[in-house]
Amino acid sequence: MKSILMIGMGRFGSHLCMNLSKLDNEIMIVDACEEKLEDLLPYVTSAKIGNCTNVKVLESLGISNFDLCIVCIGSNFQNSLEITSLLKELGAKRVVSKANRDIHAKFLLKNGADEVIFPDRDIAEKLAVSLSADEIFDFINLTDGYSIYEISPLPEWIGKSVLDLNFRARYHMSIIGIRYGKHTQILPPTDYIFKEDEHLMVICHQNDMNKLIHRK
């Protein structure tokens with residue numbers, strides 16, 4: 001459980017707030033518009049109306065007491081940049097800011113953000129991948145082209161074991177988990193036999209995943 005300050009409660013901020021609340025985090029939300037706060041009151045510890053480009057408003061929140069500060073403003077980059085910078089100046093432990101463009105991310109990182117998120121871009125990227133390949137259900141980007149993918153087993157894998165397929169050597173992928181219904185098996189043994197209607201969690205390079213889904 002973390003103590004979280006969220007600034008800017010638009011559509012993205014609202015959805016993020018509700019999901020963070022489900023994970024039992026303590027959340028304070030702030031927005032200049034009272035209407036944006038009302039529907040979120042059941043999910044948060046406290047809510048405050050205020051313009052966070054005003055340093056006095058931020059000072060009144062006790063910034064250093066929060067484990068995490070999230071700036072969810074997307075429509076006004078100047079405000080997002082100012083608030084991000086002020087949060088760090090006031091002792092924020094960790095600041096995560098929303099960006100819509102790469103150039104915005106560069107400025108945010110130079111002015112106090114510890115991490116920048118691109119929700120619209122990330123959703124579009126995931127949707128493009130899942131819609132383009134029936135085998136891929138989800139993926140998480142890691143680094144240097146590597147990702148964790150959730151995929152369905154190929155028809156030719158069914159009834160064969162990891163060892164039979166020489167899986168890692170042949171596909172350049174490592175299986176980190178297999179999900180079947182509500183059951184998940186972590187790091188399956190080499191004698192594990194693939195079944196229908198299960199999902200595999202594999203880690204590999206994007207190029208190797210492309211080869212798999214575009215196989216002839």
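# A tour of the predicted model

Begin at Ser147, which sits in strand 8 (residues 146-151). Keep in mind throughout that this is a predicted model.

Stop 1: With Ser147 selected, is the residue buried or exposed? Its relative accessibility is 3%, so Ser147 counts as buried; the cut-off for that label is under 20%. The side chains of Ser147 and Asn141 are joined by a polar contact of 2.9 Å.

**Stop 2: along strand 8 to Glu150.** Stay in strand 8 and select Glu150, then Arg179. Their side chains form a salt bridge, with an N to O distance of 3.2 Å. This pair links distant parts of the chain: Glu150 belongs to strand 8 and Arg179 to strand 9 (residues 174-180), 29 residues apart. Glu150 has a relative accessibility of 13% and therefore counts as buried. Arg179, in contrast, is partly exposed, its relative accessible area being 34%.

**Stop 3: a nonpolar patch.** Show the surface and select Ile140, Leu142 and Tyr146. Together these residues make a nonpolar surface patch of about 290 Å². For Ile140, look in strand 7 (residues 136-141). Ile140 has a relative accessible area of 47% and is partly exposed.

**Stop 4: the other salt bridges.** How many salt bridges does the count come to? The count is three. The bridge between Glu150 and Arg179 was visited above, and two further pairs can be selected now.

Select Lys88 and Asp114. Their side chains meet in a salt bridge at 3.0 Å, N to O. Again the pair links distant parts of the chain: Lys88 is in helix 4 (residues 77-89), while Asp114 is in the loop between helix 5 (102-110) and strand 6 (115-117), 26 residues apart. Lys88 counts as partly exposed at 29% relative accessibility. Asp114 is also partly exposed, with a relative accessible area of 42%.

Next select Arg94 and Glu115. The salt bridge between these side chains has an N to O distance of 2.5 Å. Where do the two residues lie? Arg94 is in the loop between helix 4 and strand 5 (95-98), and Glu115 is in strand 6; the pair links distant parts of the chain, 21 residues apart. Arg94 is partly exposed, with a relative accessible area of 33%, and Glu115 counts as partly exposed at 32% relative accessibility.

Stop 5: The relative accessibility of Glu34 is 46%, so Glu34 counts as partly exposed; exposed would need over 50%.

**Stop 6: Asn210 and Ala133.** For the last stop, select Asn210, found in helix 9 (residues 206-213). Asn210 is partly exposed, with a relative accessible area of 29%. How far apart are Asn210 and Ala133 along the chain, and what separates their C-alpha atoms? The two residues are 77 residues apart along the chain, and their C-alpha atoms are separated by 9.4 Å.

Technical notes: Residues are numbered from 1 along each chain as its sequence is written. This is a predicted model: local features need pLDDT of at least 70, side-chain atom pairs count only at pLDDT 80 or more; totals for chains, interfaces and linings use all residues. Side-chain values use heavy atoms; hydrogens and water are left out. Buried means under 20% relative accessible area, exposed over 50%, partly exposed in between (1.4 Å probe, protein chains only). Patches are made of residues with over 30% relative accessible area and no salt bridge: like charges are joined within 9 Å, nonpolar side chains (Val, Leu, Ile, Met, Phe, Trp, Tyr) within 5 Å. Accessible areas come from the Shrake-Rupley method with a 1.4 Å probe; for residues, only the protein chains shown count as cover. A salt bridge is a side-chain nitrogen of Lys or Arg within 4 Å of a carboxyl oxygen of Asp or Glu. Helices (H or I, at least four residues) and strands (E, at least two) are DSSP runs, numbered from the N terminus. A polar contact is a pair of N or O atoms within 3.5 Å; within protein, one must be able to donate a hydrogen and the other to accept it, and residues adjacent in sequence count only if both atoms are side-chain atoms.
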